[in-house]
Amino acid sequence: MRLHAVLSRYAMLPLVAIISCLQLKSQSIQVTIDSQAGKPVINRNIYGHFAEHLGACIYGGFFVGDSSRIPNSAGVRNDIIDALKKLKVPVLRWPGGCFADTYHWKDGVGAKAKRPSIVNTWWGGVTEDNSFGTHDFLNMCEKIGAAPYLAGNVGSGTVQELTEWVQYVNFGGASPMSKMRKDNGRENPWNVQFWGVGNEAWGCGGNMTAEYYANEYRKYATFMSDWGNSSKLFRIASGANSGDFKWTEVLMRDIPHHMLEGVALHHYAVIDWNNKSSSTAFTEQQYMSSLKSALKMEELVTKHSAIMDKYDPAKKVALIVDEWGGWYNVEPGTNPGFLFQQNTIRDAMIAGVTLNIFNNHADRVRMANLAQTVNVLQAVILTNREKMLLTPTYHVMEMYNVHQDAALVPVTFRSPDYVLGNDTLAAVSISASTDTNGNTHISLVNIDPARSHEVRFSAGNIKHKAISGRILSSPKIQDFNSFEQPDKIRPVPFNGFTNTSDLVTIKLPPASVVVLKMN
Ligand code: AHR
C-alpha cells in the first residue's frame, strides 16, 4: 500500500474543504468529505492544448485551406472548431515547440501568395509555405474561444523581432506594426496575454546553459513590455526538461520576479527514448512503464514547486507544464518526423492521472498544455481526409472540464497497489473540486487493468441530493478509436455506485476513468 499525502498542508486551513481518506480494509478506500469549500481554484488553463507546425497538426489537421471541400471557416475545419469548443479548450499554444525557435512571424502575415516558403528543419524537412500564420491562428482561437499562447523565437530570432510581434498583435495606437496589422486586414488588436520566451532553451531552442538563458530572458522580457508591464503580459520562461531541477533553481534565482509570470516544465511519458514502442501493440509491462513515467509528474511538480517556493513563497510565479503526454513510436508507414501515433485506453489513463496531479497542485500549476491537439503525439483529435475522430484522451479531457475554475477539494488517501512482477504503482488516483454552482465533482482513475477497486465516500457536510457519473473504459488497454469504429470508446453513464444515506460506495472497474457529480 502506498500513502498519497496529497496537499495535506491544506488540512491546516480552517475553511478549506478536506477529504480525508482512511484505509478501512484491504482494497477499500473510505473518503470523508468534511467541509464546504476548497482552495485554491483550479485554473482553467490547466486544461490547455498545444499545436505546432509539425506533421499533420496544422496542415492537413486544423487547416485545410478555404478552397477545401471539407467544411471550413477561413480554412480551419469546422468539425475541429466544434469539437474544441465542446472540449472548452481554455488556451492554445502555438507555433511550437522546437519550430518556434526557427519561426519568423513576418513570413506568415500579408498576402498568402507572397509569403515565403521555408523548410521545416525540425519536423520532416517538409516545405512550410506559411499559409497558416498569425492572423489565421489568432482568428481561429477566437472561434474556438481559447486564449492564445504565442511561443516567441529566442533561438534564431532577435529581441526586435519578438518585440515587434507583441506590438503587431497587441498595440492599439499608431505604430509601424499596428499599421501593418491593419493593412493586413485586422483593425483591432487581439490582446494576447500569454507569451513564451523561447522553447526548450536547453535543447532545440539553442542549447543554452541555464545561466545564459536567464540573461537572455531578462533582455527579451525587458523589451517585450514597459518596465511596469502595464500591458499585463504573462511572460513564460522556457523551463526544465523533466528532472533538471538546477534549471528551475537558476531561473528563479537569476530572473527578477517582476519580469517573470511563469516558468515552464516539459515532461513526456516515455518508456525509453531509444525504444519508445508501439502506440497500440504494447505489452502490459510496457503499459506499466508508460504509467510509471506519467506518474513521475507528481514528483516533478512537487520538487520544481519546492524550488519555486524557496524563491517565491507567495507563489506569484506559476509553474506552466506546457508540454506533456505519452510519446511512442510513429505508426508504421508514417513519416518519422510527423510523430503520428494512435491513442488507446493507456492514453486515457495517462490523461486521467496527470490531470489529477495538476488539479491537486493547483496552487502552483496554473497552466498545462497537452502535446498535441491534432494528429501529433497524444492527440485529442485524429483526421484522415474528410474523416475526424475523437480519441480516448479527448473524452477524458471533456469529462474533466468540470474542474475548470472550480475550487480544489484536497484529497489524502491510501491507494491499493497495481502490481506486475516486481513493479508496483498506485492503482487509484483521485482529485475533487466544487464549482461555483455548488456541485462537487470527483474524478477517479483505476490504472489496474485486471482488478476493480472499491472507493467509499462519506458525504459528510457536502449536502447533495443526487449523484450521477460517467465512465470511460474498454475491455482491453490496447483498444482505440479507429476511422472504422470512431465511437468504440466514449463516455457512458456510470451506475457502479450505491448511495445509502451519507455513504457512497463506488466500484471502479479495471482501467477506467470515472467522473462523479454530487449536487
Ligand atoms: O512536442 C514535440 C516536441 O517535443 C516539441 O517541439 C519540443 O518542444 C519537444 O521536445
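What follows is a chat about the labels used for this predicted model and the values behind them.

Reader: Let's start with the sheet. What makes it a barrel, and what is the order of its strands?

Author: Eight is the number to look for: 8 strands close up in the order β4-β7-β10-β11-β12-β13-β14-β15, with parallel pairing. Neighbouring strands there are turned against each other by 30° on average, ignoring direction.

Reader: How do you know that β10 pairs with β7 and β11?

Author: Count the bridges. Two strands pair if there are at least two bridges between them. β7 (residues 91–94) and β10 share 4, in the parallel sense, and β10 and β11 (residues 194–197) also pair in the parallel sense over 4 bridges, so both pairs meet the cut-off of at least two.

Reader: Which residue is the partner of Val-197 in β12?

Author: That's Ala-237. β11 and β12 are again a parallel pair with 4 bridges.

Reader: Why is β10 called mostly covered?

Author: Buried means under 20% relative accessible area, and 5 of the 6 residues in β10 (147–152) are buried.

Reader: On to the helices. Why are α7 and α8 called roughly parallel?

Author: Their packing angle is about 15°, with the axes 10 Å apart. Angles under 35 degrees count as roughly parallel, so that is the label α7 and α8 get. Their crossing is right-handed.

Reader: Which residues of α7 and α8 meet?

Author: On the α7 side they include Tyr-287, Leu-291, Leu-295 and Val-301, and on the α8 side they include Met-349, Ile-350, Val-353 and Phe-358.

Reader: And where does α6 lie?

Author: Across β12 and β13, running at about 150° to β12.

Reader: Now the charged pairs. What makes Arg-44 and Asp-405 a salt bridge?

Author: The N to O distance between their side chains is 2.7 Å. The cut-off is within 4 Å, so the pair qualifies. Arg-44 sits in the loop between β3 and β4, and Asp-405 in the loop between α9 and β18, so the bridge ties together parts 361 residues apart in sequence. Across the whole structure, the search turns up 23 salt bridges.

Reader: Are Arg-44 and Asp-405 buried, exposed or partly exposed?

Author: Partly exposed, which takes a value between 20% and 50%. Arg-44 comes in at 41%, and Asp-405 at 31%.

Reader: What about Arg-235 and Glu-261: how far apart are their closest N and O atoms?

Author: 3.0 Å, and the two form a salt bridge. Arg-235 is in β12 and Glu-261 is in the loop between α6 and β13, 26 residues apart. Both are buried.

Reader: How do you know that Asp-309 and Arg-364 tie together separate parts of the chain?

Author: First, they do form a salt bridge, with the closest N and O atoms 2.7 Å apart. Asp-309 belongs to α7 and Arg-364 to the loop between α8 and β15, so the parts being tied are 55 residues apart in sequence. Asp-309 is partly exposed at 28% relative accessibility, while Arg-364, at 1%, is buried.

Reader: Which residues does Lys-316 touch?

Author: Skipping residues up to four places away in sequence, Lys-316 touches His-257, His-258, Leu-260, Glu-261, Arg-364 and Arg-366. Lys-316 is in the loop between α7 and β14, and 47% relative accessibility puts it in the partly exposed class.

Reader: Last one. Why is Gln-478 called partly exposed?

Author: Its relative accessibility is 23%. Buried would need a value under 20%, so Gln-478 falls in the class above. You'll find Gln-478 in the loop between β25 and β26, in contact with Thr-280, Phe-282 and Thr-344 once neighbours within four places in sequence are left aside. Gln-478 and Glu-284 are 194 residues apart in sequence, yet 9.4 Å apart in space, C-alpha to C-alpha.

Key:
Residues are numbered from 1 along each chain as its sequence is written. This is a predicted model: local features need pLDDT of at least 70, side-chain atom pairs count only at pLDDT 80 or more; totals for chains, interfaces and linings use all residues. Side-chain values use heavy atoms; hydrogens and water are left out. Buried means under 20% relative accessible area, exposed over 50%, partly exposed in between (1.4 Å probe, protein chains only). Helices (H or I, at least four residues) and strands (E, at least two) are DSSP runs, numbered from the N terminus. Axes are lines fitted to C-alpha atoms, for helices over the stretch in contact, and angles run from 0 to 180 degrees between N-to-C directions. Angles under 35 degrees count as roughly parallel, over 145 as roughly antiparallel, 65 to 115 as roughly perpendicular and the rest as oblique. A crossing is left-handed if the near helix is turned anticlockwise from the far one by less than a right angle, and right-handed if clockwise. Contact means heavy atoms within 4.5 Å.
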